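Subject: Structure handover

Hello,

Here is the structure for your files. Please open it first, then read the notes below.

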Amino acid sequence: KAPATETTKAPEASAKTDGPWKGYGVQVVAVAKDRAESARAALEAKSSYKAKVLPHAKNSLYRVVVGSFESQAAASRARDELRTRFGYKDAFVLTLQ
């Protein structure tokens, strides 16, 4: 069974990465703006993954997204590791444009 994906438009890059993200990402959490940056920093401190804070298109939450990955398979592997090794049980793959 193929994993469900969601499409989101990635905004301009943060200070951590260059250029807009394309391909696939893994959303690990969606939280209020004041908690999003600390959630991103905590994820990067305990893993080798790089993440961005992206605004959610449908509500006032901010997504913490790991990526970007060139293939859905690579993003799915990262999602599985984020779920099992780092405890992000609700992590899912999304398409970045």
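Strand 3 (residues 51-55) and strand 4 pair in the antiparallel sense over five bridges. Two strands count as paired if DSSP finds at least two bridges between them. Helices (H or I, at least four residues) and strands (E, at least two) are DSSP runs, numbered from the N terminus.

A word on the source. This is a predicted model, in which local features need pLDDT of at least 70 and side-chain atom pairs count only at pLDDT 80 or more, while totals for chains, interfaces and linings use all residues. Residues are numbered from 1 along each chain as its sequence is written, and side-chain values use heavy atoms, with hydrogens and water left out.

**Strand 4 and its partners**

A hairpin of six residues links strand 3 to strand 4. Lys 52 sits opposite Val 65 in strand 4. Val 53 has Val 64 as its bridge partner in strand 4.

Strand 2 also pairs with strand 4, in the antiparallel sense, over seven bridges. There, Val 29 stands opposite Val 64.

Buried means under 20% relative accessible area, exposed means over 50%, and partly exposed is in between (1.4 Å probe, protein chains only).

One detail to check on screen: the peptide bond joining Gly 67 and Ser 68 is cis, with omega about -5°. Ser 68 belongs to strand 4.

**The whole chain**

The chain has two helices and five strands. From the N terminus on, their order is β-β-α-β-β-α-β. The chain has 97 residues, and 39% of them count as buried. Its accessible surface comes to about 5,700 Å², and 49% of that belongs to carbon and sulfur atoms. Areas come from the Shrake-Rupley method with a 1.4 Å probe; for residues, only the protein chains shown count as cover.

Contact means heavy atoms within 4.5 Å. Take the contacts in the chain with a separation of 6 or more: 71% of them are between residues 24 or more positions apart.

**The cores**

Which residues have the most contacts inside the largest nonpolar core? They are Val 26, Val 28, Leu 43, Tyr 49, Val 66, Phe 69 and Leu 82, in a core of 16 residues. Strand 2, strand 4 and helix 2 each supply at least two residues of this core. Helix 2 gives the largest share, four residues. A nonpolar core here is a set of buried Ala, Val, Leu, Ile, Met, Phe, Trp, Tyr and Cys residues joined through side-chain atoms within 4.5 Å. In soluble globular proteins, nonpolar side chains tend to be buried together.

Setting aside neighbours within four places in sequence, its contacts include Trp 21, Val 26, Val 28, Leu 43, Tyr 49 and Leu 82. A second, separate core has five residues, among them Trp 21, Leu 54, Val 65 and Leu 94.

**Helix 2**

Helix 2 (residues 72-84) has 13 residues. It reaches 18 Å from its first C-alpha to its last, close to the 18 Å expected at 1.5 Å a residue. The expected span is 1.5 Å times one less than the number of residues. Buried in helix 2 are Ala 74, Ala 75, Ser 76, Ala 78, Arg 79 and Leu 82. Their cover includes strand 2 (23-31), helix 1 (33-46), strand 4 (62-69) and strand 5 (92-96).

**Two polar residues**

Gln 27 is in strand 2. Gln 27 is buried, with a relative accessible area of 8%. Its side chain makes a polar contact with the side chain of Arg 63 (2.8 Å). A polar contact is a pair of N or O atoms within 3.5 Å; within protein, one must be able to donate a hydrogen and the other to accept it, and residues adjacent in sequence count only if both atoms are side-chain atoms.

Lys 46 lies in helix 1. Lys 46 is partly exposed, at 45% relative accessible area. Beyond neighbours within four places in sequence, Lys 46 is in contact with Phe 86 and Tyr 88. Lys 46 and Phe 86 are 40 residues apart in sequence, and 7.9 Å apart from C-alpha to C-alpha.

Best wishes
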